[in-house]
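Please have the sequence and the structure open before you as I begin.

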Amino acid sequence: MSNRAIPNAFVKNVLQNGLGRYICQLQRVTLNFCKATPSSLGTRDFIEKYLVDFTRENPGTVVYVKPIRNRAPFLVAEYLNGRQERVSTKDMPADEVCKWLEHLRTRSGAQIVNLRKEWLTNTPSTQGVWHPFLNKNPSLAGTSFPAPELYGAKTESKSATDMVLEEAGVKKVGSVDSASSKE
Amino acid sequence: MAASLVRSTLGCQFARFLRPSLITAAGQTQSQRGVKRYMRAYLKELYNRRLRVGPEKLRHRSEFMNWNYNAEIYAFGKRLGEEFSNDSLQAAFTHRSYIEAEEARRADLGIDVASAPLGLTDNSELTQKGEETASRYIKAYLRSSYPTMFEEAIVAIHDHLMSDDTLSHIASHIGIGDLMLCSDFPPEESTLSKNFLAVVGALETDKGVKRAESLVRDLVLAQLVGKELMELWSVTNPMGLLMAVLDSQGRGPPEPRLQWQAGQRTIMAVYQVGIYSDKQLIGQSAGERVTIAEDMAAQDALQRMMGIGSGHMPLTFRTEADKMELRYDPKNISAEELMQTYELRQKENSVS
């Protein structure tokens, strides 16, 4: 499968959450479990030991507990963006159920896809985007080209070559004057 | 192709019959004897039946078994981190259309509405209250955040934030959609946005204006972050406005100058125009033609004057915003008034 066919996205903050106040995106969670079968043992333990604490700490999440007969237990999380996530808790001990519930609680509810970048910024540069005219010397706008004085290496003092050439009375090779004299 | 469709619609418990081997929980491959070819026709029939029946009917969340309206209402207030009274929140979620539909239903059943009243109040009053508060606060917040912004721009940004589009987006993302008691389903945008304003009104009734304003700031004004504000306000004549502004400030008239150009007579031509006033650069922009570049440079100059470029301070939220001094009443400078005074002055000058 080519890379383009795999769904990918940028990091997204739903509703600028956390900028003003943080709103937990998990709006309700349903714990489905069987009252008798051993595969639900850990989920039943979780409900006995930790569920009340969870609801106290997260009053913004509605918790439903739903017994189902002779089925493997699972959690269904519903998010504010309208999506649902389902996690099977079959044969899991209570603390593992805790971990999965914590995972569901801290998610934004957006589908997990490949992230193109792990960060996002609204202002990639406060200075503005670079362009070829940026910080260009304004005097260049009025210069007529070709302008040989702009091309050579900029040295503060005369180089040895310059001095020798001056002594010999020869013009520098490659300068515009010499090129035009050849023609 | 068909097999993959069958698999995706029916889940993997059926699909294993189509494959000669399956992967166990331990990650090992376990071989199965043969391909159950008879399953294919059966699954295909199930798949076609599903197609014939069509998609699942859209049902309201309250039609499902796991639904407790009181718990949902309680959680809604807690989710926003606010203490609502149960009555006001209940009223905020009840629409006139719901009460009318309910009364009609009772009348159909032969129940006398006068002797057994519903005891529900609709949210029209709260909506109005919330709308006034939100509208007033948004303008005041923008005026204090951007003291040099033109009043027209503030009104344009305010209108964008108070539009059904923005408010319904916010409402549906804080879970109002499921809780609303209204006759339209799926809910319309206008119903959602009115309900959000009713929640603001309910909070004001319960906890005072300050809390309601902070809710508006955190949910509505936060939507401005990352938005190009100049796109929300369209200036028809940026150069004319710039002339009027500079004149009112006693500065020299704007002087557009071509700074750079490249690729003339090609489709990639670019011109950069800078606008100067009293030999000071006040705005610059590039464009594909000189006129476009000049127009955009004037917009850039206005943007810099209003303090909304990318290099300016971001909007403030949380405790910083609580400390902010709000300007409810004195409006900012109006662009239209500036233009009018400028035109009058020009006429006077030409007469004298």
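I begin with one definition: two axes that cross at 65 to 115 degrees count as roughly perpendicular. The model before you is a predicted one.

Let us apply that definition to a pair of helices in chain B. Helix α7 of chain B covers residues 124-145, and helix α11 of chain B covers residues 189-207.

Which residues of α7(B) meet α11(B)? Among them are Leu126(B), Thr127(B), Lys129(B) and Gly130(B) in α7(B).

The axes of α4(B) and of α5(B), the latter being residues 86-93, come within 11 Å and cross at roughly 100°. This value also lies in the range of 65 to 115 degrees, and therefore α4(B) and α5(B) are roughly perpendicular to each other. From α4(B), the residues in the contact are Tyr69(B), Ile73(B), Phe76(B) and Gly77(B). They meet Asn86(B), Leu89(B), Gln90(B) and Phe93(B) in α5(B). By class, these residues are five nonpolar, three polar and no charged.

I turn now to the interface between the chains. How many residues of chain B are in contact with chain A? There are 39 of them, and they meet 33 residues of chain A. The size of an interface is often given as the accessible area lost when the parts come together. Here, the area buried between chain B and chain A is about 3,000 Å², and carbon and sulfur atoms give 58% of it. Of the area that chain B buries against chain A, 26% is supplied by Arg79(B), His173(B) and Trp260(B), more than any other three residues.

Consider next the polar side of this interface. Across it, 15 residue pairs are in polar contact. Several elements of chain B give two or more residues to the side that touches chain A, namely α4 (69-79), α9 (164-172), α12 (209-219), β3 (255-262) and β4 (270-277). Of these, α4(B) gives the most, with six residues. The side of chain B that touches chain A has 16 nonpolar, 14 polar and nine charged residues.

Over all chains the structure holds 25 salt bridges, and the count between chain B and chain A is five. In one salt bridge, Arg28(A) pairs with Asp178(B), and their closest N and O atoms are 3.3 Å apart. Arg28(A) lies in strand β2 (residues 26-33) of chain A and Asp178(B) in helix α10 (residues 176-179) of chain B, so the pair joins two chains.

I close with some details of the backbone. Most residues other than glycine have a negative phi, and most peptide bonds are trans. Where does chain A have a cis peptide bond? A cis bond joins Phe145(A) and Pro146(A), with omega about 0°. Pro146(A) is in the loop between β6 (114-115) and α4 (160-168) of chain A. In chain B, the peptide bond from Phe185(B) to Pro186(B) is cis, with omega near -5°. Pro186(B) is found in the loop between α10 and α11 of chain B. Finally, Asn70(A) is a residue other than glycine with a positive phi, near 55°. Asn70(A) lies in the loop between β3 (62-67) and β4 (74-79) of chain A.

Terms used:
Residues numbered from 1 in each chain as written. Chains lettered and ligands numbered in written order. Predicted model: local features only at pLDDT ≥ 70, side-chain atom pairs only at ≥ 80, totals over all residues. Heavy atoms only, no water. Contact = heavy atoms within 4.5 Å. Buried area = accessible area lost by both parts, 1.4 Å probe. Salt bridge = Lys/Arg side-chain N within 4 Å of Asp/Glu carboxyl O. Polar contact = N/O pair within 3.5 Å; in protein donor to acceptor, adjacent residues only side chain to side chain. Helix = DSSP H or I, 4+ residues; strand = E, 2+ residues; numbered from the N terminus. Nonpolar A, V, L, I, M, F, W, Y, C, P; charged D, E, K, R; others polar. Axes fitted to C-alpha atoms, helices over the stretch in contact; angles between N-to-C directions. Parallel < 35°, antiparallel > 145°, perpendicular 65-115°, else oblique.
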